Amino acid sequence: MRRRIALALLSIAAVVASMFVAIAPASAHGYISSPPSRQANCASGKVANCGDIVWEPQSVEAAKGSKLCNGGGSRFAVLNDASKGWPAASVGRTVTFNWVFTARHATATWEYFIGNTLLASFNDGGAQPGATKSHTVSMGSFTGRQTVLARWNVADTANAFYSCVDVTIS
Amino acid sequence: MTRMIGAGRRAIAALLLLSLAACGAQPRSVPPPAFNSTDVMFLQMSLEYIRQGEQVLTTAQTRAKNAELKTLTAALQAQWAEEQGTMQRWLLGWSQPLTADPSSGAHEGHGDLHSLRPSDIAELQATKDNFDGTAEALLLGHLHNCVEVSRMESTGGQYPPAKALAEQMAATRQGQVQRLLKLQTGSTMGA
């Protein structure tokens, strides 16, 4: 009898487990790895005391339209902290940004800003990214130390993924 | 009358014997290891991630230019082989399938989004320039997914050895993520 109950419990567990496999991963998707974004600098250990972001630099997901490095979401406010001493990568007049993905969402657009200036926008028309994604973006008339905000706007949700990259343009 | 009592006694004795035998079949001194659905999911998903990641490692072993990337992929390959054996042994011991039920949609539906697709492997194999950068980016994304599943086990799992393995895997993979991030900055910044 005990065995039967145990078996029944096991098969329930197996069914529940397979349900979870189908729906569990839902939080994590992508970020810019080079030049290193703020979350990449946290994950690589270059910047210390970043909190949970070190485990999931790909998870900076929030509603579309924000100009904040954490997307204005409830997590990862450390990314907005300008006093954190973020290292800036030395770059030229054009910069190639490289993305890392943990899930390849259907994509509306990719946008790159410095402040309120839109540097570039790429329309993927709902396509899924390939294995990797790179964009080469002109820094316009900006020079010196700047923070580039990249937004990956997902096609089939209301959300975007945010990455801030600190650069010194020369 | 005494005969009937005797028969009754014999019947009771037989029943007692039977129930004793039934109890004997249960390993009473060693209770079966307790595990839950998160343990099973962690093991099944990690095995699937190893299967997918192996293809990147095999390709990188022959094509990577950077010596550190080669060293890292060789070390990861050896670690995965060992982890795979342990994880399969536990699932088999629990009479659980080694892979999630395909009809659950794990391989066709949303779960697939957090996987390396065959097209990603094909793209890596077809890469002519910047093979190392592509392999590093693919591995980074993949290892982040591995870490996420390990951390899920650390918080939601029940079987202590599986939780310990998950802790160790998360720490090791995170170290590899850190090295890959440094490598990637080096290889793409110079390009």
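Residues are numbered from 1 along each chain as its sequence is written, and chains are lettered from A and ligands numbered from 1 in the order in which they are written. In this predicted model local features need pLDDT of at least 70, side-chain atom pairs count only at pLDDT 80 or more, and totals for chains, interfaces and linings use all residues, while side-chain values use heavy atoms, with hydrogens and water left out.

**Aromatic pairs**

Over all chains there are eleven aromatic pairs. Rings of Phe, Tyr and Trp (its six-membered ring) pair if their centres lie within 6.5 Å; planes under 30 degrees apart count as stacked, over 60 as edge-to-face and the rest as tilted.

Select A:Trp110 and A:Trp152. Their ring centres are 5.2 Å apart and their planes are at 10°, so this pair is stacked. A:Trp110 belongs to strand β5 (residues 107-114) of chain A and A:Trp152 to strand β8 (residues 144-154) of chain A, so the pair ties together parts 42 residues apart in sequence. Helices (H or I, at least four residues) and strands (E, at least two) are DSSP runs, numbered from the N terminus. A:Trp110 and A:Trp152 are both buried, where buried means under 20% relative accessible area, exposed over 50% and partly exposed in between (1.4 Å probe, protein chains only).

Next, select B:Trp94 and B:Tyr159. This pair is edge-to-face, with 5.0 Å centre to centre and 90° between the planes. B:Trp94 is in the loop between α3 (67-93) and α4 (118-126) of chain B, and B:Tyr159 is in the loop between α5 (131-156) and α6 (160-189) of chain B, so parts 65 residues apart in sequence are tied together. B:Trp94 is buried at 6% relative accessible area, and B:Tyr159 is buried at 13%.

Now show β1, β4 and β7 of chain A. They form an open sheet of three strands in the order β1-β4-β7, with antiparallel pairing; two strands pair if DSSP finds at least two bridges between them. The edge strands, β1 (30-34) and β7 (133-138) of chain A, each pair on one side only.

Zoom in on β1(A) and β4 (residues 94-101) of chain A, which run antiparallel and are joined by four bridges.
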